[in-house]
Amino acid sequence: MDAYDEGSSARHGPDASSRPAPPAQRGAPADSAEPDVPPGPPEPVAPLAPAEPVAPLASPEPYPSGEPRTGIAALSPRYQVGVALALAVVAIGVCVHIGMTFLHVAPANTVTRAHGKAVDDWIYPEFEQNWKLFAPNPLQQNISIQVRAGVRGPDGMTLTTGWYDLSAEDGRAIDGNLLPSHTQQNELRRAWDFFVATHDSENRPVGLRGSLSESYLRRIMVLRLGRDDAVRAATGSSGVIERVQVRSRTSNVPPPEWSREKVSMTPSYRELPWWRVPQDEARGGVR
C-alpha cells in the first residue's frame, strides 16, 4: 500500500502527529483541501504613542487627608509652640521642686551647706517635711491640744467651760478633705512644739523666746474659742474670755496586730497654768 494513502490503515511517518485529525478534516474529501496560500507581506504595525511623563511621587503626609487631626496636632503652629513652652515650664518647675525637696530631706552635704537658705525658703511653710531621708522617724504618739476658758458673763460672774479638743476639731476638718488648709494641719502642732522647746518640765520659760511662745499659744487659743459655737452657746454669746488654760493629751499609737510589742494605752496629760487674757485679745482685737 502506498505510504501516502489516507486510509485508516495507512502508516504515518515519524514526523506525523499521532493525534487524530479534527472531525471536520476527517470527513472532508482529499481533493477538497484548500491549497496552501503563500504568506503575504506583513501588515503594517501602528507606531506606539509616546509615553506620558510620570508625575513624581509626593511625600507622604503625616496624617491621611481623610482623617481629622486631633490633640496638639490640630492646633496651628503658633499655638503648638505656646503649648510646648508651657509644658517645658511645668516640667522645669516639677524638677526644681523635686530637687529642693530631696535636698531638704537629705543628710547635710555641700549643696545644702552652701544654699541651705534658698532650700528653706522654697520648702517653708507650705512644703514642710518632718522626716529625714535614710533616717525616717515616724510619729509614735498621738498628741492632742485641749483648752478651757474662764468666761465673765454680763452679771459679772465667771464661768469655767469644759475642755475643748481643738486637735480633734482639726482632724474632723481634714478627714475627707482633698485640700485641707495649712492652718488646720500644722498651726496647733507647731505652736505646741514651740512652747515645749522653750520651757522645761515645770512649764518655766527657758531663754528669751519663752514668753513669745506663751503669747503665741495663748492668742491661738483665744481666737479658736472666739470662733467656737459651743463656747458662744455656753456663754449666751455675751461673755468675755478672761483667762485660758491649755493642756496636752498624749497617747501611744497602738502596735500592729502581728507585733509582740506591749505599750501602755493610758493617756498622759500636761496641764499649763492659767493665763490671763489681755483686754484687747479678749475683745477680739487680735486677728
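The model is predicted, so local features need pLDDT of at least 70 and side-chain atom pairs count only at pLDDT 80 or more, while totals for chains, interfaces and linings use all residues. Residues are numbered from 1 along each chain as its sequence is written, and side-chain values use heavy atoms, with hydrogens and water left out.

**The nonpolar core**
- The largest nonpolar core has 21 residues, and those with the most contacts inside it are V147, L217, M221, V244 and V246; such a core is a set of buried Ala, Val, Leu, Ile, Met, Phe, Trp, Tyr and Cys residues joined through side-chain atoms within 4.5 Å, where buried means under 20% relative accessible area with a 1.4 Å probe, protein chains only.
- At least two residues of this core come from each of β1 (141–152), α5, α6 and β4 (240–252), and the largest share, five residues, is supplied by α6; helices (H or I, at least four residues) and strands (E, at least two) are DSSP runs, numbered from the N terminus.
- Not counting residues up to four places away in sequence, L217 touches A191, W192, F195, V246, L272 and W275, contact being heavy atoms within 4.5 Å.

**The loop residue L208**
- L208 is found in the loop between α5 (182–197) and α6 (210–227), and L208 is exposed (over 50%), with a relative accessible area of 82%.
- L208 and T198 are ten residues apart in sequence, and their C-alpha atoms are 8.5 Å apart in space.
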